[in-house]
Amino acid sequence: MTQVGRRKENEVQNECKSSMKIKDISIISIERRERPILNEMSTGTILYYNTKSVYSSIVRMTIEEKGLSEYITAQHIDLFSCQNYQPWFMRLNPNAQVPVLLVDDKPIYDSAVIINYLETIIPNPSLGLDDAEDLQIAERVIDTIRSIRVPVLFFGIENSDDFMRKLPDLEYFTVKKPSVLKEWASKEPELAPAYMYKLYVNETQIHYRLKDPSYNQEEWLRVDALLAVVDSQIFKNNAKYRLESTCVAGSTFSVLDAHLVPFLSMIISLERGRMIFLRPNLFEYWKQIQLRPSFLSVYSRFCDQPNHFSNCRCR
C-alpha cells in the first residue's frame, strides 16, 4: 500500500472510530490494565458469544475457572447469519464482535477488558501471575496470539486448488456481509459510520488476505513458531515449579492458559493437530488440559445450543 493509501486508510479509520467512540485495546497484564468502572456482578449479566470464536472461548474458560457460570446467562450470536450486525448488537459493540459482557445494561467488550473486569469483581480464584518472569512470558505469548489473524486461518485460501472448497466462506465476505452492512447503514443513520467502517475494512483488508494463499501460509508459519516457543516454555516451567501437572507459566491455571487453550482447540478444529501432537510437552499439556472441568464445560454439549455453560438455562 502506498503512503497516500495508508494515510487515507488511517483517516477513514480515525473518523469512523471517533464517530462511534471506539477505543483501541492493547493487551497487557491483568494487573496493569485499567479497571472497568463496574464493580459488582449482577444476576442479570449476559455473555454474548459464538461457539467458534476464539476470544469468546477465552472468556468462557475464564468464567468457568472462576466459578461464575451460574451468575451469567450465555446467549449465542450467529455470526454467519450476520446477527452481530443487527442494530441492537451494534449499539452494544460498534466493532460488531463477540464476546460482549452485558452487566446492568452496560456492555463490556474486548476479551482482555472482560477478563480484567471479572478479575476485579471476583479476585479469587485469581488467574493473574505474580512472578515477574512468568508475567513477561504471558504477555509475550498473549500478544502473539492476539496478533494472529484468525479469520485468515479459518477462511483464507491455502493454495491455488483450495478456492472451490472455501468458496462459500468467500461469498460471505464478498456478497452477504457487504449487502447486510449497506442495508443497515441506510436504515440506521445513527450507526451508519460504524457500518461504513466495517464495510471499508471488509473491502480493503479482508478480501485480498483471504484470496491470497501467501497470507494464509504466513499466518500458519507464525502459529508454528509460537507453538515451538510454548512447547519449550512448558518444559522450562515444569522444571522451575517441579509440577506434576503442566502449566505454561506459573504453578496454577492462569490467564495465559485461558488464552492458549481455545487457540489450540482452534488449531485442531482446522485439522492442524499435528502441530500440537508432534511436540511432546505441548501434547502432554493438551491431554491434561482436556480433563479440566472448565474445558469439559466449554467444549462439551450440555443443552441443545452447542457448547453453552455446564448449567446453561438458555432453553
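Select strands β1 (residues 45–49) and β2 (residues 72–76): they run parallel, joined by five bridges. Helices and strands here are DSSP runs numbered from the N terminus, with helices being H or I of at least four residues and strands E of at least two. Two strands pair if DSSP finds at least two bridges between them. This is a predicted model, where local features need pLDDT of at least 70, side-chain atom pairs count only at pLDDT 80 or more, and totals for chains, interfaces and linings use all residues. Residues are numbered from 1 along each chain as its sequence is written, and side-chain values use heavy atoms, with hydrogens and water left out.

Click threonine 45. Its bridge partner in β2 is isoleucine 72. Isoleucine 46 has leucine 102 as its bridge partner in β3. Tyrosine 48 stands opposite valine 100 in β3.

Is β1 mostly covered or open? Mostly covered: five of its five residues are buried. Buried means under 20% relative accessible area, exposed over 50%, and partly exposed in between, with a 1.4 Å probe and protein chains only. Thr45, Leu47 and Tyr49 are buried on one side, Ile46 and Tyr48 on the other.

**Stop two: the whole sheet**

Show four strands. They form an open sheet in the order β2-β1-β3-β4, with mixed pairing. β2 and β4 (106–109) stand at the edges with a single partner strand each, so one side of each has no neighbour in the sheet. Neighbouring strands are turned by 25 degrees against each other on average, direction ignored. For such angles, axes are lines fitted to C-alpha atoms, for helices over the stretch in contact, and values run from 0 to 180 degrees between N-to-C directions.

Next, select helix α4 (residues 111–121). It packs on the sheet and touches β3 and β4. Its direction makes about 115 degrees with that of β4.

**Stop three: helix α2**

Select residues 54–65. This is α2, which makes a right-handed β-α-β unit with β1 and β2. Right-handed means that, with the strands pointing away from the viewer, the path from the first strand over the helix to the second runs clockwise. α2 lies across β1 and β2, at about 145 degrees to β1.

Why is α2 largely enclosed by the rest of the structure? Because eleven of its twelve residues are buried. Among them are Val54, Ile58, Arg60 and Glu65. The cover includes β1, β2, α4, α6 (150–155), α10 and α13 (293–298).

Jump to helix α10 (residues 255–269) and pick methionine 266. At 3% relative accessibility, it counts as buried. Leaving aside neighbours within four places in sequence, methionine 266 is in contact (heavy atoms within 4.5 Å) with Val54, Val150, Leu153 and Phe154. Pick serine 53 too: its C-alpha atom is 8.8 Å from that of methionine 266, though they are 213 residues apart along the chain.

Widen the view to the largest nonpolar core, of 76 residues. Such a core is a set of buried Ala, Val, Leu, Ile, Met, Phe, Trp, Tyr and Cys residues joined through side-chain atoms within 4.5 Å. Met266 and Ile267 are among the residues that touch the most other members. α10 gives the most to this core, with nine residues. Another core lies apart from it, with eight residues, including Ile77, Val98, Val100 and Leu102.
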